[in-house]
Structures are given as C-alpha cells and as structure tokens.
Amino acid sequence: MMAKKERIFSKDVRLVMAASFFFMFSNMYCNPLINGYAQDLGASSAFAGIIVGMMSIVAMFLRPIAGNLTDHFSKYRLSFIGGTLCFLGVLGYVITPNSGLLLLFRLVNGMGYVLCTVCMTTWLAYLVPIKHVGEAMSFYGLMNALAMACAPAVSINLYKVVGYRTAIIVSAISALMVVITVQFVGNRANPVIKQPVDKNKKLHIKIIQRDAVPVALIVALFAIPYFATQADIVEYAEQRHLSIAVGAYFLIYAVVLLLSRLFLRNQFDTVRFQPWLILSTVATIFYLIMLTVMKTNIEMGLAAAGMAFGYGIIYSVCQSTAMMLAPDTERGLASSTFFLGLDIGMTLGPVIGGIIDSTLPVKYFYPVMLFIIPLIVIIFLANRKKLNDAIDHH
C-alpha cells in the first residue's frame with residue numbers, strides 16, 4: 001500500500017501530462033500562424049498585432065480568477081471547460097470569414113488557455129506525493145517545452161503546403177484530444193476542504209499567492225530573452241546575414257532539455273533553489289553571449305543548449321517551488337501567480353526585443369538582454385531563505 005502511494009508516474013499523472021502536451025501543442029501551433037492569417041483575412045498590421053497579443057492580455061487579467069476557481073472547484077471540471085474553450089476557439093479560427101471574428105475566437109481560446117495552464121499544473125501537484133513534486137514538475141515542464149518547440153516547426157512547414165485554414169485543423173484536433181484525455185483520469189482532484197464553509201471566507205478572492213511572487217518575478221525575467229528569441233531569432237539571423245539552420249534552434253533546445261531532465265530527474269526534489277539559480281544564470285549569460293557571436297551552426301547549437309540549461313531548467317524549478325511554498329488550499333493561486341510571471345515575460349520579451357531592434361544596431365540585441373541578470377540576483381538575495389527552504393516543505 002505504501003509503495004502504491006509513493007508512485008510518481010501513475011496512470012492519472014501520465015494522462016494529465018498527455019493532456020497538457022496536447023493543450024500546449026494546440027496553442028503553440030497557432031502562434032506563428034495567427035499574424036499572417038489575420039492579415040490574410042484583411043486585418044491591418046496593427047490590428048493583426050492586437051489579435052496575436054489577445055491571448056496574453058486575456059491571460060494576465062484572468063490568471064487570479066483561474067487560480068481562485070482552481071482552489072474551489074474540481075481540477076477535472078475546469079480542465080474540461082478549458083479544453084472545450086480551446087477547441088471552440090481554434091475551430092473558430094478555421095471557419096471565421098473575417099479578422100473581427102478571429103479576434104473574438106482568439107479571446108475564447110485565451111480563456112481556455114488560462115484555465116488549462118493553471119488547472120493542469122495544480123492537478124498534477126495534487127496527484128503526486130509532495131516529496132516528489134519537483135521531479136513530477138520537471139517532467140511536466142518537459143512535456144510543455146517539447147510541445148512549445150515542436151508545434152511551431154510543424155505548423156510553419158505545414159501551412160506552406162496546405163494553407164492557413166487546413167493547417168489550423170491540426171490545432172483543433174490537438175485541443176479536442178485534451179477534452180478526450182481528461183475523461184480517463186480517475187482522480188478528479190476535488191478541492192481540499194479542511195474547515196466548515198465560512199461564508200465570509202468564501203467571498204474573499206486573492207489576486208496572487210504571496211509566497212509565489214519571488215519565483216514569478218524570477219521566471220518573468222528569465223522568460224524575457226527566451227520569448228524575444230522565439231519571436232525574433234529568424235529576423236536576427238537575416239539581419240546579420242548568417243548562413244545557419246535557424247529553424248533547428250528550438251528543436252536542439254528541446255532535445256537537450258529532454259536529456260537534461262532524464263539525467264537530473266531525482267535532483268529536483270533534493271537540491272535547494274540556489275544551485276539551480278546559479279546554473280541557470282550562468283547558462284543564460286552563456287547562451288546570450290553565444291547568440292551575440294554566432295556565425296555558424298556550432299555556436300547556434302551551443303546557444304540552444306545553454307538556453308535549455310538556463311530558461312528550461314529554471315522554469316521547472318520555479319514552478320515546483322511555487323507549489324512547495326503554497327499551502328494546500330492555495331496551490332491553484334500559486335500556479336496562477338507563477339503563470340502570471342510567465343505571461344509578463346512572454347509579453348515583455350518581444351516588446352523589449354522590438355525596442356532594441358528599432359533603436360540599436362543588431363549586434364547589441366542580445367548583450368542588452370543581460371540587464372536581467374542583476375535583477376534576478378537582487379530578487380533572489382531578498383528572498384534567499386524562503387526560496388532555499390522550499391525544499392524542506394516536502
């Protein structure tokens with residue numbers, strides 16, 4: 001009986017991870033296509049930009065609501081609703097006759113995106129023993145990272161052959177697989193109720209989970225160069241006239257991340273926050289330097305590997321740390337706080353990248369990104385004890 005309780009990768013855990021992969025694949029698959037598709041439907045460049053950014057805007061406003069809902073309702077029910085909204089939103093992309101309705105369907109997809117990211121993370125933490133939450137989150141993050149790396153590569157190549165509408169059907173099928181997969185999860189993760197319902201407390205809604213704020217800020221800073229690279233690396237390579245296979249960058253990142261997770265899987269539950277932060281900070285400095293001096297595929301491959309040990313590692317460490325620091329009754333809120341930090345980084349990365357690109361020579365694009373390093377160090381030092389002691393909450 002004890003052995004069964006200590007199992008990490010049970011059937012339910014594997015199913016939630018699979019559902020998360022399908023969900024993330026569906027959303028990341030559409031991201032590279034939406035701008036061009038919107039303009040193809042008649043949108044101006046400015047309106048197309050609003051359509052692209054709608055999901056991030058929706059996410060930032062709805063994260064706290066999703067976090068509170070997750071702590072008060074079944075994770076299955078909310079994941080089912082989120083998956084259904086994603087499916088309806090993407091199906092709308094396929095059938096929409098104009099860019100105005102595309103914006104509406106993007107909003108629907110954004111609501112599903114918020115629910116799924118918050119609920120599935122919390123659901124997974126609910127399903128594994130607390131002392132193994134770090135390892136479980138590392139593999140959960142890996143599934144997300146693989147989807148984030150593979151989906152854009154598939155969509156960009158497919159739409160060139162079959163066109164936007166037909167290519168987006170793949171995203172709709174992937175979203176539908178989320179709805180189907182969660183039906184087979186046995187543990188529906190109903191909310192933890194430790195006291196009789198207090199009417200006053202029931203109406204109290206928190207915006208953030210206080211203990212998760214430092215990790216949210218740290219992941220936001222690490223995410224800035226990651227999402228700036230995701231948005232601008234192709235144009236960066238063109239501006240520098242580099243003869244490199246830039247399309248392979250995020251595939252190399254995904255492979256290195258997979259190998260690192262397999263090698264480090266047990267350490268996520270035993271190593272304190274500081275060594276991970278040092279590793280990821282050094283790796284981030286390394287990959288930003290490699291991207292600055294990049295001339296061949298060798299430097300590009302080294303940069304991608306550095307990013308896997310920089311952003312890829314700290315993403316999972318911050319996610320599991322947020323779960324460890326929060327009380328059981330606020331894990332949904334902790335998850336939404338973590339993802340709020342990610343949303344901020346996802347939004348600021350391309351914006352900062354665009355500002356640098358329009359005001360400075362291209363050679364300064366990545367060196368300027370090093371501004372995140374001292375900010376990361378300051379936030380960590382201000383919260384050092386709390387972050388290092390999170391591992392003791394197992």
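Trainee: Where is Ile252 found?

Mentor: Ile252 sits in helix α10, which covers residues 249–264. Keep in mind that this is a predicted model.

Trainee: Is Ile252 buried, exposed or partly exposed?

Mentor: Partly exposed, because its relative accessibility is 28%, and the partly exposed class lies between the 20% limit for buried and the 50% limit for exposed.

Trainee: What does Ile252 touch, neighbours in sequence aside?

Mentor: Not counting residues up to four places away in sequence, Ile252 touches Met300, Gly301 and Ala304.

Trainee: Switching to helix packing. At what angle do α9 and α13 pack?

Mentor: About 35 degrees, with the axes 6 Å apart. Helix α9 is residues 213–239 and helix α13 is residues 331–359.

Trainee: Is the crossing of α9 and α13 left-handed or right-handed?

Mentor: Right-handed. The residues in the contact of α9 with α13 are 16 nonpolar, seven polar and three charged.

Trainee: How do α3 and α13 cross?

Mentor: At roughly 170 degrees, and the axes of α3, residues 45–70, and α13 come within 7 Å. That angle is over 145 degrees, so α3 runs roughly antiparallel to α13.

Trainee: Which residues make the contact?

Mentor: From α3 they are Ser56, Ala59, Met60, Arg63, Pro64, Gly67, Asn68 and Thr70. On the α13 side they are Gly332, Leu333, Ser336, Phe339, Leu340, Asp343, Ile344, Met346 and Thr347. By class, the contact of α3 with α13 has eight nonpolar, seven polar and two charged residues.

Trainee: And α2 with α4, what is the angle there?

Mentor: Roughly 30 degrees, with the axes of α2 (residues 11–40) and α4 (residues 75–95) coming within 12 Å. The angle is under 35 degrees, so α2 is roughly parallel to α4. The crossing of α2 and α4 is left-handed.

Trainee: Which residues of α2 and α4 meet?

Mentor: Phe23, Ser26, Asn27, Cys30, Ile34 and Tyr37 of α2 meet Cys86, Val90, Tyr93 and Val94 of α4. Eight of the residues in this contact are nonpolar and two are polar, with no charged ones.

Trainee: New topic, α5. Is Ser99 buried or exposed?

Mentor: Ser99 is in helix α5, residues 99–127, and it counts as buried because its relative accessible area is 9%, under the 20% limit. Leaving out residues up to four places away in sequence, Ser99 touches Ala38, Leu41, Gly42, Ala43, Phe47 and Ile51.

Trainee: How far apart are Leu127 and Ala172 in space?

Mentor: 28 Å, C-alpha to C-alpha, at 45 residues apart in sequence.

Trainee: Where is Ala147, and what is it in contact with?

Mentor: Ala147 is in helix α6, residues 133–162. Setting aside neighbours within four places in sequence, Ala147 is in contact with Phe21, Met24, Phe25, Met28 and Pro152. With a relative accessible area of 0%, Ala147 is buried.

Trainee: Last one, His241. What is its phi?

Mentor: About 55 degrees, a positive value although His241 is not a glycine. Most residues other than glycine have a negative phi.

Trainee: Where is His241, and is it buried or exposed?

Mentor: His241 is in the loop between α9 and α10. His241 is exposed, with a relative accessible area of 70%.

Methods:
Residues are numbered from 1 along each chain as its sequence is written. This is a predicted model: local features need pLDDT of at least 70, side-chain atom pairs count only at pLDDT 80 or more; totals for chains, interfaces and linings use all residues. Side-chain values use heavy atoms; hydrogens and water are left out. Axes are lines fitted to C-alpha atoms, for helices over the stretch in contact, and angles run from 0 to 180 degrees between N-to-C directions. Helices (H or I, at least four residues) and strands (E, at least two) are DSSP runs, numbered from the N terminus. A crossing is left-handed if the near helix is turned anticlockwise from the far one by less than a right angle, and right-handed if clockwise. Ala, Val, Leu, Ile, Met, Phe, Trp, Tyr, Cys and Pro count as nonpolar, Asp, Glu, Lys and Arg as charged, and the others, Gly among them, as polar. Angles under 35 degrees count as roughly parallel, over 145 as roughly antiparallel, 65 to 115 as roughly perpendicular and the rest as oblique. Contact means heavy atoms within 4.5 Å. Buried means under 20% relative accessible area, exposed over 50%, partly exposed in between (1.4 Å probe, protein chains only).
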